[in-house]
Amino acid sequence: QLSEFLFPVGEFLSLSNGRGLTAPTPTGGNDVELERVAVERLQIAHGHHLECIVRQQLRYVGLDDVWLDVILKLAREVSLKVLPDYRQGDDMDVRKYIKIKKVPGDSRTASLYVDGVVFTKTLISKKMKSFVRRPRILLLRCALEYERVENKFSSIDTLVLQERSHTSTLVARIKKLNPNIVLV
């Protein structure tokens with residue numbers, strides 16, 4: 001529960017509920033050693049507090065405690081990777097920077113943090129690769145089809161030829177770059 005507080009008692013951190021954690025004690029009397037021990041005690045207290053919060057949230061959403069280690073591992077990874085900068089105007093709520101994607105299958109131990117962009121798309125053909133290691137990605141910011149000029153009269157044959165020429169030129173340029181993935 002969140003009502004558990006840590007009280008230092010020698011080499012042992014006593015919790016208000018009577019349980020305890022072993023904590024480091026200073027071996028010397030210098031300030032550096034005292035600071036090191038204080039930081040270690042704070043890290044232990046932080047870890048315990050985080051565990052209590054996650055356990056409480058798991059109960060709130062109706063999940064078993066078997067998810068505790070998985071969620072704690074992911075939370076630690078997120079806290080190390082997602083670093084909003086308040087001075088630059090970033091929001092301090094990390095939920096604005098992460099998305100949680102539920103993928104059917106596998107086990108909870110297959111849960112992982114991906115540092116980057118993840119998206120799912122159904123493959124058009126079964127012959128297409130479903131996994132590409134170190135992909136070459138091409139981002140297109142233009143349309144693939146030929147854009148016709150409106151309110152202008154022209155021959156349909158001329159338009160068809162222009163469209164074919166434009167499309168073949170564009171395809172040749174894309175093939176020259178040899179991408180694995182093309183995003184339009």
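Me: Which helices each supply at least two residues of the lining of the largest pocket?
Reply: Helix 1 (31–61) and helix 2 (68–81) do. Helices here are DSSP runs of H or I with at least four residues, strands are E runs of at least two, and both are numbered from the N terminus. Keep in mind that this is a predicted model, where local features need pLDDT of at least 70 and side-chain atom pairs count only at pLDDT 80 or more, while totals for chains, interfaces and linings use all residues. Residues are numbered from 1 along each chain as its sequence is written, and side-chain values use heavy atoms, with hydrogens and water left out.

Me: What volume does the largest pocket have?
Reply: About 2100 Å³. A pocket is an open set of points on a 1 Å grid over the protein atoms alone, where a 1.4 Å probe fits, with protein on both sides within 12 Å along at least five of seven lines; lining residues have an atom within 4 Å of a point. The volume is the space filled by probe spheres set on the points, which are joined across faces, edges and corners.

Me: How do the lining residues of the largest pocket divide?
Reply: Into 25 nonpolar, nine polar and eight charged. Nonpolar is Ala, Val, Leu, Ile, Met, Phe, Trp, Tyr, Cys and Pro, charged is Asp, Glu, Lys and Arg, and the others, Gly among them, are polar.

Me: And how much space lies in the second largest pocket?
Reply: About 860 Å³. Of the 19 residues lining the second largest pocket, Phe119, Leu123, Lys129, Ser130 and Ile181 are closest to its centre. Strand 5 (residues 181–183) brings the largest share of that lining, three residues.

Me: Switching topic: what lies over the face of Trp67?
Reply: Arg108, at 5.8 Å from the ring centre. The cut-offs are NZ of Lys or CZ of Arg within 6 Å of the ring centre and within 35 degrees of the ring normal.

Me: Where is Arg134 found?
Reply: In the loop between helix 2 and strand 4 (137–139). Phi of Arg134 is near 50°, a positive value in a residue other than glycine. Most residues other than glycine have a negative phi.

Me: Is Arg134 buried or exposed?
Reply: Exposed, at 75% relative accessibility. Exposed means over 50% relative accessible area, buried under 20%, and partly exposed in between (1.4 Å probe, protein chains only).
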